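Subject: Handing over the structure

Hello,

Here is the structure I promised to pass on to you. Please have it open while you read the notes below.

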Amino acid sequence: MSPRSTVAPLALAVGMLLISMVSYQCGASLAKQLFPQVGAQGATAYRLGLSALILLLWRRPWRRSAGRRDWAALWGYGLSMGAMNLVFYMSLRTIPLGIAVALEFTGPLALALFGSRRLLDFVWVALVVAGLALLLPLRGQLHALDPVGVMYALAAGAGWALYIVLGKRAGAAHGADAVTLGTSVGALLAIPFGIAHAGSALLSPALLPYALGVAVLSSALPYSLEMVALTRLPARTFSTLLSLEPAIAAVAGVALLGERLSLLQWLAIATIIVAAAGTALSVQRPALAEPLAN
């Protein structure tokens, strides 16, 4: 395969990943505005439930033969998606969007660094630790972050790492239908939590336009684009190319939610971004030598 024919699908995958990140953070900003009405649990139920409905009507995966596929990976992918979204939205109740994403990002970054033995990789790890030390509520300051929100964001990071690993397997087994089926599995996990918390408020017609916006921007569109990237990039490469995610989230929080971050918090986010970008640059050359899925 010529270098040009190899670069083209990689460039397409990277472009789709960038669009998905912007869409995701705009959707998260919109979802946070629903918290006063239905809570984080209700917003998660809206997001995954309506996304699953949209994707099922659009893709109609039942028309294709199931065959003998990796259903364990699909269920793991869907459950990790549902849990990741739920705990991430729970974190947004008490900490800013940019900080929540920076903490969540430690999951894919740890995946990217897993198994590394070079000295340079430990430099990136040290930068991540430094960034976390600046973010985490360890200093007893008046405006320290809520510890519960921090734990939710870190749990979302673990779910994100599982989403990457299992999503690659699910995408290889189920193709484009993996997003539809996985989102449906995630909705099965999230909807009961939403009903238990918000009850009949979820049926309010006034909230439906916002709920649909959250579903499209936060799940239906970005997950579909991400699946294209997941099936064309090695998992390690995919995880390192997300280095702009915390910055996009921080800007979205400032622009759309009126959130304000201190200089120290911006420095912490920048430190994690530098670590992620450095990791991406250091693994780029060997990653391109890996076989691409599909």
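What follows is a short tour of what turned up in it.

First, a word on confidence. This is a predicted model, and its pLDDT averages 82 across the protein. A score of at least 70 is reached by 84% of the residues. One stretch to treat with care is residues 284-294, where the pLDDT is below 50. That stretch has 13 contacts in the model beyond near neighbours in sequence. Where pLDDT is low, the predicted coordinates should not be read in detail.

Helix 7 runs over residues 147-174, which makes 28 residues. From its first C-alpha to its last, helix 7 reaches 39 Å, close to the 40 Å expected at 1.5 Å a residue. You will find a kink of about 25 degrees in helix 7, centred on Leu166. Just after this helix comes Gly175, with a positive phi of about 65 degrees.

Helix 9 (208-230) has 23 residues and spans 31 Å from first C-alpha to last, close to the 33 Å expected at 1.5 Å a residue. Helix 9 is kinked as well, by about 40 degrees, and the kink is centred on Val216.

Now for the spaces inside. How many cavities of 30 Å³ or more does a search of the whole structure find? The search finds 1, and about 80 Å³ of space lies in this largest cavity. Its lining is made by Tyr24, Gln25, Met84, Val101, Glu104, Trp160, Tyr163, Tyr223, Glu226 and Glu245. Two or more of the lining residues come from each of helix 1 (3-32), helix 4 (97-104), helix 7 and helix 9. By class, the lining of the largest cavity divides into 6 nonpolar, 1 polar and 3 charged residues.

Helix 2 (35-59), helix 8 (177-198) and helix 9 each give two or more residues to the lining of the second largest pocket. Which helix gives the largest share of that lining? Helix 9 does, with 5 residues. The pocket lining has 8 nonpolar, 5 polar and 2 charged residues.

Enjoy exploring, and write back with any questions.

Best wishes

Terms used:
Residues are numbered from 1 along each chain as its sequence is written. This is a predicted model: local features need pLDDT of at least 70, side-chain atom pairs count only at pLDDT 80 or more; totals for chains, interfaces and linings use all residues. Side-chain values use heavy atoms; hydrogens and water are left out. Helices (H or I, at least four residues) and strands (E, at least two) are DSSP runs, numbered from the N terminus. Ala, Val, Leu, Ile, Met, Phe, Trp, Tyr, Cys and Pro count as nonpolar, Asp, Glu, Lys and Arg as charged, and the others, Gly among them, as polar. The expected span of a helix is 1.5 Å times one less than its number of residues. The bend at a residue is the angle between axes fitted to the seven residues ending there and the seven starting there. On a 1 Å grid over the protein atoms alone, a cavity is a set of points where a 1.4 Å probe fits but cannot get out, and a pocket is an open set with protein on both sides within 12 Å along at least five of seven lines; lining residues have an atom within 4 Å of a point. Grid points are joined across faces, edges and corners, and a volume is the space filled by probe spheres set on the points. pLDDT is the predictor's confidence in each residue, from 0 to 100. Contact means heavy atoms within 4.5 Å.
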